[in-house]
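Thank you all for making the time this morning. I would like to walk you through one structure, with an eye on how its side chains meet.

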Amino acid sequence: TLPACAIMVGDTLELIGGKWAAPVILALFFAAKPLRYSDLMRAVPNITPKEMARQLRQLEQAGLVGRRLYPAVPPRVDYWLTDLGRSIQPALNALAEWTKRHGLAVAQNRAAAQAGA
């Protein structure tokens with residue numbers, strides 16, 4: 001059987017490994033202040049409003065993103081990375097470095113496998 005940490009790594013990869021999680025996390029990481037939903041939509045091109053809401057909800061439930069609702073008309077909501085969310089940055093940096101070194105080989109292997117299928 002797999003050790004518990006392997007299952008937890010899988011859960012973490014599921015959380016941050018989707019198409020939009022890393023761009024949302026990075027947009028919040030590089031922001032100088034909490035961002036409103038509309039700011040995030042501009043910062044992450046091509047994401048749909050439904051997908052942005054889903055990503056923010058998942059990241060908030062995991063404790064990576066903070067959310068504050070202000071009682072105003074229209075409602076104002078700010079989002080930011082929590083300390084826990086900021087702590088994932090070294091892992092994302094390592095993944096980006098690995099991708100720089102090996103991404104082309106992975107893409108070529110996948111293309112070759114599809115061509116042979």
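What you see is a predicted model, in which local features need pLDDT of at least 70 and side-chain atom pairs count only at pLDDT 80 or more, while totals for chains, interfaces and linings use all residues. Residues are numbered from 1 along each chain as its sequence is written, and side-chain values use heavy atoms, with hydrogens and water left out.

Let me start with the charges. Side chains of opposite charge can pair when their charged atoms come close. How many salt bridges does the structure hold? There are 5 of them, where a salt bridge is a side-chain nitrogen of Lys or Arg within 4 Å of a carboxyl oxygen of Asp or Glu.

One of these joins Arg42 to Asp39, with N and O 2.7 Å apart. Both residues belong to helix α3, which covers residues 37–43, and they are 3 residues apart, about one turn of the helix; helices here are DSSP runs of H or I with at least four residues, strands are runs of E with at least two, and both are numbered from the N terminus. Arg42 counts as exposed because its relative accessibility is 59%, whereas Asp39, at 23%, counts as partly exposed. For these words, buried means under 20% relative accessible area, exposed means over 50%, and partly exposed lies in between, with a 1.4 Å probe and protein chains only.

A second example sits in helix α6, residues 89–116, where Glu97 and Lys100 are 3 residues apart, about one turn of the helix. Their closest N and O atoms are 3.8 Å apart in a salt bridge. Glu97 is partly exposed at 33%, while Lys100 is exposed at 66%. Salt bridges with shared partners link Glu97, Lys100 and Arg101 into one network.

Strand β2, residues 65–70, pairs with strand β3, residues 76–81, in the antiparallel sense over 6 bridges, pairing being called when DSSP finds at least two bridges between two strands. The two form a hairpin with 5 residues between them, and within this pairing Leu69 has Val77 of β3 as its bridge partner.

Arg76 forms a salt bridge with Asp78, the closest N and O atoms being 3.0 Å apart. Is Asp78 buried or exposed? At 5% relative accessibility, Asp78 counts as buried, whereas Arg76, at 33%, counts as partly exposed. Arg76 also lies over the face of Tyr70, at 4.5 Å from the ring centre; a charge is taken to sit over a ring if NZ of Lys or CZ of Arg is within 6 Å of the ring centre and within 35 degrees of the ring normal.

Last, the aromatic side chains. The whole structure has 1 aromatic pair, meaning rings of Phe, Tyr or Trp (its six-membered ring) with centres within 6.5 Å, called stacked if the planes are under 30 degrees apart, edge-to-face if over 60, and tilted otherwise. The pair is Phe29 with Phe30, and it is edge-to-face because the planes stand at 90°, with the ring centres 5.2 Å apart. Phe29 is partly exposed at 23%, and Phe30 is exposed at 63%.

Finally, Trp98 has its place in helix α6 and counts as partly exposed, at 43% relative accessibility.
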